[in-house]
Each structure stands twice: as structure tokens, then as C-alpha cells.
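Please keep the sequence and the three-dimensional view at hand while reading.

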Amino acid sequence: MCCLTLPIFPLAALMTEKWAQRKLIRDHVSILLHIIITTTVLIYPVVVILKCESAVLSGFVLMFIASITWLKLVSFAHTNYDIRVLSQSIEKGATHGSSIDEENIKGPTINSVVYFMLAPTLCYQPSYPRTAFTRKGWVTRQLIKCVVFTGLMGFIIEQVCLLRDP
């Protein structure tokens with residue numbers, strides 16, 4: 001159940017960024033909130049594991065997921081802080097002659113956070129480069145490789161088990 005409640009923390013980080021973007025809270029308050037959110041991401045699963053006396057494997061998986069979430073939230077906080085600083089310098093007119101992509105300095109959205117949390121990356125970006133279409137041949141090749149190598153791995157494991165069995 002703890003794994004199902006971990007998405008609350010990225011939503012809290014998103015709300016913190018929305019408040020900071022709208023200038024409802026100051027930068028040092030948003031930094032403090034991000035520190036509290038990221039610390040809680042690691043402490044909460046530890047408390048749940050200790051209170052519930054969970055099995056080693058389930059505790060390991062929970063801490064693994066929590067660690068990934070922590071790394072992603074730290075990246076999210078750092079990147080959005082840099083975006084806020086950049087947008088403040090643009091408002092002041094301190095970026096004369098520099099080419100800044102307006103798409104990359106907009107605030108985070110729920111879609112960008114959900115995509116970031118599900119994407120296999122630890123580096124947050126406001127938008128990720130994507131192809132316009134799905135390469136079906138490439139996807140088919142990857143699926144075939146996955147099936148073949150999973151079968152090969154099962155065959156090798158079976159052979160090792162048979163060799164060790166007297």
C-alpha cells in the first residue's frame with residue numbers, strides 16, 4: 001500500500017512549484033518545502049517497513065522505488081529552480097541577445113510530471129524530444145529480442161539446475 005501512496009509526493013512537489021511560479025511563496029520557502037518532501041519520500045517507507053515488519057524482498061522493492069522517486073524529485077526541484085531563476089532574469093531584461101527556447105522555461109504541468117515519473121530517466125526536462133510516430137519495425141525487433149533472450153535465459157538456467165541435480 002505504501003507504493004500506491006508514493007505518487008502523492010510528486011504532486012506535492014508540483015504544487016510547490018506552481019506556488020513558487022505564481023509567487024505565492026518565496027524561493028527559500030519553496031526550497032524548504034522541497035527538502036521536506038524529498039526527505040519524507042525516504043523516511044515514510046522506512047517507517048512503514050519497520051511498523052509492518054515486512055518481508056525483506058518487499059521492503060527492498062519499496063525502498064528501491066522510494067529511492068528512484070527521491071532522485072527524480074531532487075532533479076525536478078533543481079531544474080525548476082533554475083527555470084525560475086532564468087525566467088526572473090528574462091523579466092528583468094538581463095538576457096540580451098541570448099536565444100532561449102520559450103517552450104523550456106514554462107512552468108511544470110501535471111502531464112509533464114506524470115510523464116517524467118513514468119519515463120526511464122532521472123533528469124527532469126519541461127519537454128522531452130520525441131519522434132512524431134512510432135517505429136513499428138524497431139518495436140517489433142525489440143519485442144522479438146526480448147522473447148528470444150528470455151527463452152535463452154530460461155534454457156540456460158534449466159541446464160544449470162539439471163547439472164547441479166545429482
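Ser75 counts as buried because its relative accessibility is 15%, under the 20% limit for that class. Ser75 is found in helix H4. The model is a predicted one, and the values below are computed from it.

**Ser75 and its surroundings**

- Leaving out residues up to four places away in sequence, Ser75 touches Phe116, Leu122, Cys123 and Tyr124.
- A polar atom of the Ser75 side chain lies 2.8 Å from the backbone nitrogen of Tyr124.
- Ser75 and Gln125 are separated by 50 residues in sequence, while their C-alpha atoms are 9.0 Å apart in space.

- Ser112 lies in helix H5.
- With a relative accessibility of 11%, Ser112 counts as buried, since buried means under 20%.
- The side chain of Ser112 has a polar atom 2.8 Å from the backbone oxygen of Thr109.
- Ser112 touches Tyr124 and Pro126, when residues up to four places away in sequence are not counted.

**The largest nonpolar core**

- In soluble globular proteins, nonpolar side chains tend to be buried together.
- The largest nonpolar core in this model has 16 residues.
- The residues with the most contacts inside this core are Leu6, Phe9, Leu62, Leu73, Phe76, Phe116 and Tyr124.
- Two or more residues of this core come from each of H2, helix H3 (27-52), H4 and H5.
- H4 gives the largest share of this core, four residues.
- Which residues are in contact with Leu73, leaving aside its neighbours within four places in sequence? They are Phe9, Pro10, Ala13, Ile37, Thr38 and Val41.

- Ile49 lies in helix H3.
- Ile49 counts as buried because its relative accessibility is 19%, and the class covers values under 20%.
- Ile49 touches Ser54, Gly59, Leu62 and Met63, not counting residues up to four places away in sequence.
- Trp70 lies in helix H4.
- At 30% relative accessibility, Trp70 counts as partly exposed, because this class lies between the buried limit of 20% and the exposed limit of 50%.
- Trp70 touches Thr38, Val41 and Leu42, with residues up to four places away in sequence left out.
- Thr38 and Val41 are also among the contacts of Leu73.
- Trp70 and Leu122 are 52 residues apart along the chain, and their C-alpha atoms are separated by 9.7 Å.

**The largest pocket**

- The largest pocket has a volume of about 270 Å³.
- Helix H2 (8-21), helix H4 (56-92) and helix H5 (110-118) are the elements that give two or more residues to its lining.
- The lining of the largest pocket consists of 14 residues, and those that lie nearest the pocket centre are Leu6, Pro7, Pro10, Met117 and Leu118.
- H5 supplies the largest share of the lining, five residues.
- By class, the lining has twelve nonpolar, one polar and one charged residues.
- Leu6 lies among the lining residues nearest the pocket centre, and Leu6 is also one of the residues with the most contacts inside the largest nonpolar core.

**Two loop residues with positive phi**

- Where is Lys23 placed? Lys23 is in the loop between H2 and H3.
- Lys23 has a positive phi of about 65°, although Lys23 is not a glycine.
- Lys23 is exposed because its relative accessible area is 54%, and exposed means over 50%.
- Glu53 lies in the loop between H3 and H4.
- Glu53 is a residue other than glycine with a positive phi, near 50°.
- Is Glu53 buried or exposed? At 71% relative accessibility, Glu53 counts as exposed.

Key:
Residues are numbered from 1 along each chain as its sequence is written. This is a predicted model: local features need pLDDT of at least 70, side-chain atom pairs count only at pLDDT 80 or more; totals for chains, interfaces and linings use all residues. Side-chain values use heavy atoms; hydrogens and water are left out. On a 1 Å grid over the protein atoms alone, a cavity is a set of points where a 1.4 Å probe fits but cannot get out, and a pocket is an open set with protein on both sides within 12 Å along at least five of seven lines; lining residues have an atom within 4 Å of a point. Grid points are joined across faces, edges and corners, and a volume is the space filled by probe spheres set on the points. Ala, Val, Leu, Ile, Met, Phe, Trp, Tyr, Cys and Pro count as nonpolar, Asp, Glu, Lys and Arg as charged, and the others, Gly among them, as polar. Buried means under 20% relative accessible area, exposed over 50%, partly exposed in between (1.4 Å probe, protein chains only). A polar contact is a pair of N or O atoms within 3.5 Å; within protein, one must be able to donate a hydrogen and the other to accept it, and residues adjacent in sequence count only if both atoms are side-chain atoms. Contact means heavy atoms within 4.5 Å. A nonpolar core is a set of buried Ala, Val, Leu, Ile, Met, Phe, Trp, Tyr and Cys residues joined through side-chain atoms within 4.5 Å.
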